Amino acid sequence: MTDATTELKVTAASDIEVDRDALDHSIQEFAGPNGDYYVRAFHKIHESISAVPNTFNLWAAVLGPFWSASRAIWGMFWTFLILEIIAWVQIGRGAWGNPGADLAERAARQQERANELLARAADATEKADIDRFNKLAANIQKAADASMAKAQAAQSEALGIMITGLLMLLVFKLVQGFYADRVYEKQYSNWRIDPDSTESGRTTRNMVLGAVLVAAIGPLIVYKFTVNASLPLLDAFPEKEVSEMILGEGNGTLFSSLASWMEAQIDAAAAAGGDVFDGIVNGVRTVLDGLTVALIGSPWPVVMLVICVTAWRAAGPRVAIFTASSLAYIALLGYWDVAMETVALVGAAVLLCVVFGIPLGIWFGKSKRAYRAAEPVLDLMQTLPAFVYLIPIIAFFGTGNPPGILATIIFGMPPVIRLTALGMRGVPESIKEAAVAFGASKWQLLKDVEIPLALPSIMTGVNQTILMCLSMVVIISLIGGGGLGKEILEALQYAAKGPGLLGGFAILFLAMVMDRIVQGAFRREDERL
């Protein structure tokens, strides 16, 4: 029995030794140069049960951000690069800077003004003028003396500022030394989980990159904030000089040249494609006119009743009551016609977004290559400020409601495309394979399997498109669009706070009604499924 127990203990100890050797080899493989040190440091960290650091990395403390860069710990690199630069700025201000320079310059200007007033008092002939100039000169002289006293006090604090900077630098170095191994050990843990996405070792590329960043950022910032009159090149980009180097002297700036060229190209494109652009505007106007006739041309009780019944059927009685209350608010304040015009604008934009966006989303969901090609365009459509793409809209399509709808489409179409593609990609492959195995054609697979399963994501995209299109109603009023956006724009122009808030509440209620109806329809559809 004793021999068996002894043998088990020996075997267990041997296994532990093998595991430790494998861990040491793994750490050395990860760390590369100076691997033995990191083996010992990581073991100390693993064996410690305290959150207080129990290792000190001397090279991390001495080299600072350069060590972090060489080990690819970029978060630590940027953090302590900024902190050390702050410390060096304090050291520079105390060592060779002039903390009271601004105050001294102010004192000099005030002294000059006081001397000027004294000279005018000496030249004056009237006693009242003499007394007034002398009094003004005395007051300004007091201000100059106070500014000079503050400048001298600030200058006397230079030693304290330098010592503060040195203490800050020492603290930052110590923190890096104490925490470097712990941070590097976490990176080692990530490397063991996913070695392909986590850098290891000390590479020449990272060392060069870290040295370049430290040398390019640190000295320039320290120089800029410690020297009283820095180089003009550091204060403002030499746009004029660079333009002269590229274009030649006397040919204007690069901005004016590019702006003129772009304007000429847009004018030429608008003239060449005038018929095409007019056809697009006429198509949009046809959709808008149809919705306008239905919403504004029809008797208002009919329109209100249809909207309330739709809300009841889609989302239930509570949403129907809220819808009736919102429409009553809009009608009682005289916003009915402009609100229905807003609904027509949003409806036309959403209808066109859905008609074109869902097929594109289905295509992008099935073709990764097409989605990769379209993704930059979708990013541009979503991130480009609306005021920027209003300019080409005006240039190609003019002003008014149809061009405003086209601008709204640019802003509102990406969500329905992205979420439709996401829904199509989320359909399980096993279900599609089963449908094909049962003899489904490509059209049947799309119509009866993929679209129904992707429908929640598609409808979420439609809902987002509705709300984003509604958020554009104020912006399109800048190019002649009507509806509630025009009321808000006029309130902004005349600083009419009351009308602006009342119109804003009308837009809010429209958005909430649309959102509640659409969301309620989604929930009921999910309950049926």
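# Briefing on packing, voids and aromatic contacts

The buried residues of α13 pack against α12 (254–272), α14, α16, α18 (386–397) and α19 (401–425). The model is a predicted one. Its largest nonpolar core has 69 residues, and its largest pocket holds about 680 Å³ of space.

- The buried residues in α13 are Gly274, Phe277, Val281, Val284, Leu288 and Leu295.
- In general, an α-helix has 3.6 residues a turn, so residues three or four places apart point the same way.
- Within the largest nonpolar core, Ile405, Ile409, Met472 and Leu484 have the most contacts.
- Helix α16 (residues 336–366) provides the largest share of this core, with 16 residues.
- Leucine 484 touches Tyr335, Val338, Ala339, Thr342, Ala506, Ile507 and Leu510, when residues up to four places away in sequence are not counted.
- Another core lies apart from the largest one and has 23 residues, among them Val39, Trp67, Ala87 and Tyr184.

**The largest pocket**

- The lining of the largest pocket consists of 23 residues, and those nearest its centre are Val343, Gly347, Ile466, Met514 and Ile517.
- At least two lining residues come from each of α13 (274–297), α14 (300–315), α15 (317–332), α16, α21 (442–470) and α24 (497–528).
- The greatest contribution to this pocket lining is that of α24, which supplies six residues.

**The enclosed cavity**

- Across the whole structure, a search finds one cavity of 30 Å³ or more.
- The volume of the largest cavity is about 40 Å³.
- Its lining is formed by Leu345, Val346, Ala349, Ile405, Thr408, Cys469, Met472, Val473 and Ile476.
- Elements that contribute two or more residues to this lining are α16, α19 and α22 (473–476).
- Helix α16 gives the largest share of the cavity lining, three residues.
- Ile405 and Met472 line the cavity, and both are listed among the residues with the most contacts inside the largest nonpolar core.

**Aromatic pairs and charges over rings**

- The structure contains 20 aromatic pairs.
- One of these pairs joins tyrosine 37 and tyrosine 38 in an edge-to-face arrangement, with 5.0 Å centre to centre and 80 degrees between the planes.
- Both tyrosine 37 and tyrosine 38 are buried.
- These two tyrosines belong to one aromatic cluster, together with Phe30, Phe42, Trp67, Tyr184, Tyr188 and Trp191.
- Lysine 224 is placed over the face of phenylalanine 225, 5.6 Å from the ring centre.
- Arginine 425 is placed over the face of tyrosine 371, 4.8 Å from the ring centre.

- Most residues other than glycine have a negative phi.
- Asparagine 34, which is not a glycine, has a positive phi of about 65 degrees.
- Asparagine 34 occupies the loop between α1 (2–31) and α2 (35–47), and it counts as partly exposed because its relative accessibility is 43%.
- Alanine 72 is not a glycine either, and its phi is positive at about 65 degrees.
- Alanine 72 occupies the loop between α4 (65–70) and α5 (74–95), and it counts as buried because its relative accessibility is 10%.

Note on methods. Residues numbered from 1 in each chain as written. Predicted model: local features only at pLDDT ≥ 70, side-chain atom pairs only at ≥ 80, totals over all residues. Heavy atoms only, no water. Phe/Tyr/Trp six-rings, centres within 6.5 Å; stacked < 30°, edge-to-face > 60°. Buried < 20%, exposed > 50% of the residue type's maximum accessible area, 1.4 Å probe, protein only. Lys NZ or Arg CZ within 6 Å of the ring centre and 35° of its normal. Core = buried A, V, L, I, M, F, W, Y, C linked by side-chain atoms within 4.5 Å. Helix = DSSP H or I, 4+ residues; strand = E, 2+ residues; numbered from the N terminus. Contact = heavy atoms within 4.5 Å. 1 Å grid on protein atoms, 1.4 Å probe; cavity = no way out; pocket = protein on both sides within 12 Å on 5 of 7 lines; lining within 4 Å. Points joined across faces, edges and corners; volume = space filled by probe spheres on them.
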